[in-house]
Amino acid sequence: MTTVKVLDTQHPGKRRHPKKHNHYGFRDFFHFDPEQGTIVDWNESYNVLTTEDFIIGLVEGLEEEVGEASAATMYTIGCEWGQKDAFFFEKWFETEFERNIRQTNLMFLLETWWWPFTAQGWGRWEVDMGDRQQGFMFINIFDSAVARTLGDVGKPVCFLYAGLFAGFFTELVKKQLSCIEIQCYSMGETYCKFLLGGQDRIDAAAFWFKEGATARDIEKRLRAGEVLR
Amino acid sequence: MLSQFEHLRRETDGRYASDAELEFAIDYVRSFNLRVQTYLKLQEIEAALVQQTYLQMRALNPAWFVHGNTDVSAKWKRDTIRVLRYVAVAVLTHDPDTFRERMLLWFQTIMRAFGAQQSCSMTYQVLQDIIRQHLTAPQAELVCPLLEMSRRAFGAAS
């Protein structure tokens, strides 16, 4: 006879305080189960702790396998992750706040989306929606896990983040969006900066960036309405 | 306090702590009675503190309690009570680090998302003034630095 053990994956802290919203402290957010050997977070996702060596291995291993295509590969992985996470987020947000995501203050919604990532070590963020009416916006990431690990290598490295933002926001606004990192901690800057918008704007920014434009130059050119001809 | 004990445990792994390293615990024991009294007092007068702060804030600017067409007074009260309760625990445990990690950093981003910095800055200023009227000076000295920390965090532009 086989015994099937049903695993209770619910976070015990959440079971006790299901309506608690400020649950992002390390001991609140993660539940370590030594018996099962699992780390389940507040939203019942399984987590794996990794070292910086793991990130280096991931980035350098991929580069070794696919060469220059590694950036696009990481971006695509990020996109798929972001799209899937948008559905996952919608589900847990509506359960936690008993409110549809479309009837929620946008900045509050976005902060709530990013908090689990902050708790998991992906860095703090800041969203600049000042140019949203023009069809683009900026996201700053402080302490990117990838850039912090790789250090100053003189080029942007956070393709996974760019993909994550593109994928998530595409699902959120139901419109195809792309994202590019226009400033990176790995270029010696103090934080990473991403531009999110339609493909035409991202292509223009990518072109200017390759030509040596700084994030500030790109911001100015976009705000001045410049596009590629 | 709990953070400090955690730090002590890590730092003194496999050895005895020095007198200097134990000083924080001795200070805590000395301040313990005052901390418990303050905690109990905050619990006792919580409703009055929040109501007085609310009335004073409303007199200063009623627009702080309207968001769009919605009266957010009840939400403001819930938020203020929540912060006050975390402050009370931080007073009892002498643990501003845990207060910061579990409450302050999260709430700061939420208040910014709603553009409530100005109202927050004033809330935690007025609350400090009112607390000084209700608590003894040594009690207020335990509470007000945490409220000032909150005022700076929630009230900062970005």
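The model is predicted.

**Four-stranded sheet, chain A**

Chain A holds an open sheet of four strands. The strand order is E4-E5-E7-E6, and the pairing is antiparallel. Strands E4 (124–128) and E6 (178–183) of chain A stand at the edges. Each has a single partner strand, so one side of each lacks a neighbour in the sheet. Direction ignored, neighbouring strands of this sheet are turned by 25 degrees against each other on average.

Strand E5 (residues 136–142) of chain A runs antiparallel to strand E7 (residues 192–197) of chain A. Six bridges join E5(A) and E7(A). For Met137(A), the bridge partner in E7(A) is Leu196(A).

**Three-stranded sheet, chain A**

Another open sheet in chain A has three strands, in the order E1-E2-E3. Here too the pairing is antiparallel. The edges are strand E1 (30–33) and strand E3 (46–47) of chain A, each pairing on one side only. E1(A) pairs with strand E2 (residues 38–41) of chain A over four bridges, in the antiparallel sense. Asp33(A) stands opposite Thr38(A) in E2(A).

| Strand pair | Bridges | Sense |
|---|---|---|
| E5(A) and E7(A) | six | antiparallel |
| E1(A) and E2(A) | four | antiparallel |

In general, strands of a sheet pair through backbone hydrogen bonds, either parallel or antiparallel.

**Cysteines**

How many disulfides are there over all chains? The count is zero. Take Cys79(A) as a case. The closest cysteine sulfur to that of Cys79(A) is in Cys179(A), 8.7 Å away. A disulfide needs the two sulfur atoms within 2.5 Å, so this distance is too far for a bond.

The cut-off for buried is under 20%. Cys179(A) is also buried, with a relative accessible area of 5%.

**Chain B**

Chain B has six helices and two strands. Along the sequence the pattern is α-α-β-β-α-α-α-α. The C-alpha trace of chain B spans about 60 × 30 × 20 Å along its principal axes. Of the 158 residues in chain B, 42% are buried. Take the contacts in chain B between residues at least 6 apart in sequence: 70% of them join residues at least 24 apart.

**Helix pair H5 and H6, chain B**

How do H5(B) and H6(B) pack, and at what angle? Helix H5 (residues 117–134) of chain B meets helix H6 (residues 137–155) of chain B at an angle of about 170 degrees. The axes are 8 Å apart. Angles over 145 degrees count as roughly antiparallel, so H5(B) is roughly antiparallel to H6(B).

Residues on the H5(B) side of the contact include Cys120(B), Tyr124(B), Leu127(B), Ile131(B) and Arg132(B). Among those on the H6(B) side are Val143(B), Cys144(B), Leu147(B), Arg151(B) and Phe154(B). By class, the residues of this contact divide into nine nonpolar, six polar and four charged.

How values were computed: Residues are numbered from 1 along each chain as its sequence is written. Chains are lettered from A and ligands numbered from 1 in the order in which they are written. This is a predicted model: local features need pLDDT of at least 70, side-chain atom pairs count only at pLDDT 80 or more; totals for chains, interfaces and linings use all residues. Side-chain values use heavy atoms; hydrogens and water are left out. Axes are lines fitted to C-alpha atoms, for helices over the stretch in contact, and angles run from 0 to 180 degrees between N-to-C directions. Angles under 35 degrees count as roughly parallel, over 145 as roughly antiparallel, 65 to 115 as roughly perpendicular and the rest as oblique. Contact means heavy atoms within 4.5 Å. Ala, Val, Leu, Ile, Met, Phe, Trp, Tyr, Cys and Pro count as nonpolar, Asp, Glu, Lys and Arg as charged, and the others, Gly among them, as polar. Buried means under 20% relative accessible area, exposed over 50%, partly exposed in between (1.4 Å probe, protein chains only). Two strands pair if DSSP finds at least two bridges between them.
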